[in-house]
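Please read them next to the coordinates.

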Amino acid sequence: MISKLNQHGIDTRFINKASYPTSMVIVTKSKGTPRPIFYRGADYHIELTKELEDAVKKVKYFIFPVGPYLKGRQGML
């Protein structure tokens, strides 16, 4: 996958390989307010490095999995 991204000129320096499964969120179907159920995986182990912080400051759009950082990790970004 990374080689395909590189072939299309996409910067892959910040892709990290993890030995954890991909995280998943299931949203309950209900008549009231849907509730997310988080199954934590690789995204829970993301570390904010100086290089990543500097890169994020330069981008227009940034999509980030918020769920893992709601409990005990406020102020990380």
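1. Glu 53 is partly exposed, with a relative accessible area of 31%; here buried means under 20% relative accessible area, exposed over 50%, and partly exposed in between (1.4 Å probe, protein chains only). Its partner in a salt bridge is Lys 57, with the closest N and O atoms 3.6 Å apart. A salt bridge is counted when a side-chain nitrogen of Lys or Arg is within 4 Å of a carboxyl oxygen of Asp or Glu. Lys 57 counts as exposed, at 59% relative accessibility.

2. This is a predicted model, in which local features need pLDDT of at least 70 and side-chain atom pairs count only at pLDDT 80 or more, while totals for chains, interfaces and linings use all residues. Residues are numbered from 1 along each chain as its sequence is written, and side-chain values use heavy atoms, with hydrogens and water left out.

3. Confidence is given as pLDDT, the predictor's confidence in each residue, from 0 to 100. The protein chain has a mean pLDDT of 78, and 81% of its residues reach 70 or more. In the protein chain, confidence is highest in H1, at 93, and lowest in E2, at a mean of 84. Over residues 68-77 pLDDT stays under 50, and the model has 17 contacts beyond four places in sequence for them. Where pLDDT is low, the predicted coordinates should not be read in detail.

4. Two helices and two strands are found in the protein chain, running α-β-β-α from the N terminus on. Helices (H or I, at least four residues) and strands (E, at least two) are DSSP runs, numbered from the N terminus. Buried residues are 10% of the 77 residues in the protein chain. Of the contacts in the protein chain with a separation of 6 or more, 32% are between residues 24 or more positions apart; a contact means heavy atoms within 4.5 Å. The accessible surface of the protein chain is about 7,000 Å², and carbon and sulfur atoms hold 58% of that surface. Accessible areas come from the Shrake-Rupley method with a 1.4 Å probe, and for residues only the protein chains shown count as cover.

5. The structure holds three salt bridges. Side chains of opposite charge can pair when their charged atoms come close. Besides the pair in point 1, Asp 54 forms a salt bridge with Lys 50, the closest N and O atoms being 3.1 Å apart. Both residues lie in helix H2 (residues 50-56), four residues apart, which is about one turn of the helix. Asp 54 is partly exposed at 28% relative accessible area, whereas Lys 50 counts as exposed at 54%.

6. Asp 11 and Arg 13 also meet through their side chains in a salt bridge (2.7 Å, N to O). Asp 11 is partly exposed, with 44% relative accessibility, and Arg 13 is exposed, with a relative accessible area of 56%.

7. Is Thr 12 buried or exposed? With a relative accessible area of 14%, Thr 12 is buried. Thr 12 sits in the loop between helix H1 (2-7) and E1. Leaving aside residues up to four places away in sequence, Thr 12 touches Ile 2, Leu 5 and Asn 6.

8. Which residues does Pro 36 touch, not counting those up to four places away in sequence? They are Val 25, Ile 26 and Val 27. Pro 36 is in strand E2 and is partly exposed, at 45% relative accessible area. Ile 26 belongs to strand E1 and is partly exposed, at 37%. The C-alpha atoms of Pro 36 and Ile 26 are separated by 5.6 Å, with the two residues ten apart along the chain.

9. A nonpolar patch on the surface is formed by Met 24, Ile 26, Ile 37 and Tyr 39, with about 360 Å² of accessible area together. Strand E1 (24-27) and strand E2 (36-39) each supply at least two residues of the patch. Patches are made of residues with over 30% relative accessible area and no salt bridge, with like charges joined within 9 Å and nonpolar side chains (Val, Leu, Ile, Met, Phe, Trp, Tyr) within 5 Å.
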